Amino acid sequence: MNVDTVPRTLLVAAGVALFCSAMVSLAVHYLRPLQVDMQLLDRNRAILEAAELLPTGEVTDRDIVSRYLNLDARVVDLDTAWFAGGFDARSYDHWRLRDDVEAAGADDGKRYVPVYLVRKAGSLEKIVLPVDGSGMWSTIYGYVALREDLNTITGVTFHRHGETPGVGDRIQDETWLATWYGKRIHDEDGAMRFRVTRDATGPYEVDLISGASVTAEATGELVRTWLGDAGYGPFLEKLDENER
Amino acid sequence: MRFDKRFPGPIIDDNPITVQILGLCSVLAVSRSLEPALIMAAAVIAVLIYSNVAVSALRTVMPKSIRLIIEVTLVASAVIVVDEILKAYAPEASRVLTIFVGLIITNCIVLGRAESFAMHNRVLPSLADALNNGVGYAAILLFIAATRELLGNGSLLNVKVLPDAFPRNDMMQYAPSAFFILGLVVWAIRSWHPEQAEQPAHSAEPLSYQEVR
């Protein structure tokens, strides 16, 4: 039987294409809800990791959910530099709004940003702030936790990125992230001093990762941007005055 | 289980990695520790089986002019499904494996077996061939991953095996170590089976004027 005629070729091509696309669409359709849940769990885990609220050792999904629900989630309006009402802050995801322009509508995820407060006996203990920015190839997403002075880093995670596997992804290395602990953002005069840099010294600088310096420096740059005047700076000042 | 005389076949004698030197990219990249390597091995075996069986089943109706396109389409859709399943059920592993699951599409072992074996054989032998090559790939990948995790981190499958006093070799955490270990494995196998060694591509002796002409 000759299978090399034009109609036969078209028929087989159409058949294979139909079968393969049906397979892929079915898989995506049925697995998407599960993936969204997993991403949400992963995001909440990153928030809790930055806030150092996870138990050491094995962490169950239940640990993550229950501890996440204990956080005081709020949405901040970056234009007015204060909390904004009318949001379900626990499920609010400004990154998804930015990715999905159609669903976003008026709120494009740039003005309203969720923050997570950790309170102990009523007073503020920590605040977890989402940060993002360009890495070497991709957008890096993460969370920075500040102490009650709102100027000292007590935890940081970069949970989502597309940096080079084995090289840039070392920004997720726990040993390196631990070197951020206790670093300060602004000096006494209010000037932005925090940096990720080569041969870091002093309380404001984090040493970069040799071999992954571009990605490591980018994480420092995005934290500078977000914690500076164009980001959370004005909000943190106001919050500091209010909490005192 | 011996559904076909070809399986289990000669894993060492016809190993896709050490004999055919195929599929190295993923072996070098995902062998830092055993757990992702296990999942990668399972993913490759699943894709290999699917592609070999599908190509073999379609081999009589496949027009020659679009043969490769059909093979790649079948492989690519299988890889996407595997990737989606991992993202849903094993998000941690999926994050570690990053692009390397997607790169199974370009894994030479998969297309190589489809082209050289499944195109010319019935479904059952093709399935056996996929299993042979998949297990061969998995054996080398898991050996390298186990070595790297043991020497680099003192653990196997995240369970601590070596005492803390045993010095960790940080180099094992980086990709070049996979290259060294793979080189040593190939060398060891070829010393044991000298017939696997390739003929030198170039003669060491300089050509005379006469020969060149």
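A:D93 counts as partly exposed because 15 C-beta neighbours fall inside 10 Å; on this scale a residue is buried with 20 or more other C-beta atoms within 10 Å of its own, exposed with 12 or fewer, and partly exposed in between, the C-beta atoms being placed from the backbone. The model is predicted, so local features need pLDDT of at least 70 and side-chain atom pairs count only at pLDDT 80 or more, while totals for chains, interfaces and linings use all residues. Residues are numbered from 1 along each chain as its sequence is written, and chains are lettered from A and ligands numbered from 1 in the order in which they are written. A:D93 sits in the loop that links β2 (82–84) to α3 (94–99) of chain A; helices (H or I, at least four residues) and strands (E, at least two) are DSSP runs, numbered from the N terminus. Between the C-alpha atoms of A:D93 and A:E174, which are 81 residues apart along the chain, the separation is 25 Å.

A second pair of residues in chain A gives another view of the fold. A:E237 belongs to helix α7 (residues 233–243) of chain A, and is partly exposed because 15 other C-beta atoms lie within 10 Å. Its C-alpha atom is 8.3 Å from that of A:L150, although 87 residues separate the two along the chain. A:L150 itself is placed in the loop between β5 (139–147) and β6 (153–160) of chain A. With 20 other C-beta atoms within 10 Å, A:L150 is therefore buried. Its backbone also deserves a look: phi of A:L150 is near 60 degrees, a positive value in a residue other than glycine. Most residues other than glycine have a negative phi. In chain B, B:I21 likewise has a positive phi, of about 50 degrees, and is not a glycine. B:I21 lies in the segment before α1 of chain B and is partly exposed because 13 other C-beta atoms are within 10 Å.

Turning to chain A as a whole, there are 7 helices and 8 strands, and the C-alpha trace spans about 85 × 45 × 40 Å along its principal axes. Of the 244 residues in chain A, 29% are buried. Among contacts in chain A with a separation of 6 or more, 49% are between residues 24 or more positions apart; two residues are in contact if their C-beta atoms, placed from the backbone, lie within 7 Å.

Within chain A, α1(A) packs against helix α2 (residues 61–70) at an angle of about 65 degrees, with the axes 10 Å apart. Axes are lines fitted to C-alpha atoms, for helices over the stretch in contact, and angles run from 0 to 180 degrees between N-to-C directions. The two helices are therefore roughly perpendicular to each other (under 35 degrees counts as roughly parallel, over 145 as roughly antiparallel, 65 to 115 as roughly perpendicular and the rest as oblique). From α1(A), the residues A:L41, A:N44, A:R45, A:I47 and A:L48 meet A:D61, A:I64, A:R67 and A:Y68 of α2(A). This contact has 5 nonpolar, 1 polar and 3 charged residues, where Ala, Val, Leu, Ile, Met, Phe, Trp, Tyr, Cys and Pro count as nonpolar, Asp, Glu, Lys and Arg as charged, and the others, Gly among them, as polar.

Helix α1 (residues 6–50) of chain A also meets chain B: its axis and that of helix α3 (residues 67–89) of chain B come within 8 Å and cross at roughly 15 degrees. α1(A) and α3(B) are therefore roughly parallel to each other. Residues in this contact include A:V16, A:C20 and A:L31 of α1(A), along with B:I70, B:L74 and B:I85 of α3(B). By class, the contact of α1(A) with α3(B) has 16 nonpolar, 3 polar and 2 charged residues. The contact between the chains as a whole draws 20 residues from chain A and 21 residues from chain B. On the side of chain A that touches chain B, 14 residues are nonpolar, 3 polar and 3 charged.

The largest nonpolar core holds 49 residues, of which B:M40, B:V47 and B:L141 touch the most other members; such a core is a set of buried Ala, Val, Leu, Ile, Met, Phe, Trp, Tyr and Cys residues joined through C-beta atoms within 7 Å. Elements giving two or more residues to this core include α1 of chain A and α3 of chain B, while α2(B) gives the most, with 12 residues. Leaving aside neighbours within four places in sequence, B:V47 is in contact with B:V75, B:A78, B:V79, B:V82, B:I104 and B:V110. A second, separate core has 47 residues, including A:I47, A:I64, A:V196 and A:L236.
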